[in-house]
Amino acid sequence: KEKRILLETLESEGLLRNLLFETGSLLENSILQALEILGLKAERFNEGESEFDAVFTWEGHRFLGEAEGKDTKAINVDKISQLERNLSEDFSRDEVDTYAKGILFGNACRLKPLSERGEYFTEKCISTAKRLKVALVRTPDLFVIAKHLKESPNADYAKRCIESIFYTEGAIVSFPSPPEIKIAPSV
């Protein structure tokens, strides 16, 4: 039982690394954890035929996110087209009054070292994001801020990161740099 608990703890602690190298449900789980670290209660939505990777609210605004990982390519227009359909499908639900803010989380060229990855989103994907006013999030960027906040919680910095997503329309989110960690002088 103790070994199982330790293995579960180890797996949970390493979940954020999936933002760098994974696809599918492993990538989706790590995105949900990163959003939780930012102070958001994000969850999957699965009701009938509707299935969305991440749904959450912040200060009265609804967000709907879709995640995609590609082995050797940039995220293409197919995934943002799926996000567009999901946004429309979500809006058609009886309990929804406004369109959600769309977010496309992309882990492009995931099998390459981070320093060798090229563009994360194709031109068509970016063009569609502009039309839909969707925020594009590179998951390695999300990793940096989530790791920092996990190690050094800072509500003000987390809020600025969320605002970066909220105010980005049709472009790649540029997160603020993590604040310097002040270390108390040793006595």
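**Side chains and rings**

Mentor: Ile165 counts as buried, at 3% relative accessibility. Keep in mind that this is a predicted model.
Trainee: Which helix is Ile165 found in?
Mentor: Helix α7, residues 155–167.
Trainee: And what is Ile165 in contact with, leaving aside neighbours within four places in sequence?
Mentor: Phe63, Lys101, Ile103, Ala135, Val173 and Phe175. Take Phe175: 10 residues separate it from Ile165 along the chain, and the C-alpha atoms are 7.9 Å apart.
Trainee: New topic. Lys79: buried or exposed?
Mentor: Buried. Its relative accessible area is 11%, and the cut-off for buried is under 20%.
Trainee: Where is Lys79 found?
Mentor: In helix α4, which covers residues 77–91.
Trainee: What polar contact does the Lys79 side chain make?
Mentor: One with the side chain of Gln82, at 3.0 Å. Beyond four places in sequence, Lys79 touches Glu66, Ala67, Glu68 and Leu104.
Trainee: On to rings. How many aromatic pairs?
Mentor: The count is 6. Among them, Phe45 and Phe52 are stacked, with 5.3 Å centre to centre and 15° between the planes.
Trainee: Phe45 and Phe52: buried or exposed?
Mentor: Both are buried.
Trainee: Which residues do ring pairs link into a cluster?
Mentor: Phe56, Trp58, Phe63, Phe166 and Tyr167. Phe63 also turns up among the contacts of Ile165.
Trainee: Last one. What sits over the ring of Tyr120?
Mentor: The charged end of Arg138, 5.9 Å from the ring centre.

Conventions. Residues numbered from 1 in each chain as written. Predicted model: local features only at pLDDT ≥ 70, side-chain atom pairs only at ≥ 80, totals over all residues. Heavy atoms only, no water. Helix = DSSP H or I, 4+ residues; strand = E, 2+ residues; numbered from the N terminus. Buried < 20%, exposed > 50% of the residue type's maximum accessible area, 1.4 Å probe, protein only. Polar contact = N/O pair within 3.5 Å; in protein donor to acceptor, adjacent residues only side chain to side chain. Contact = heavy atoms within 4.5 Å. Phe/Tyr/Trp six-rings, centres within 6.5 Å; stacked < 30°, edge-to-face > 60°. Lys NZ or Arg CZ within 6 Å of the ring centre and 35° of its normal.
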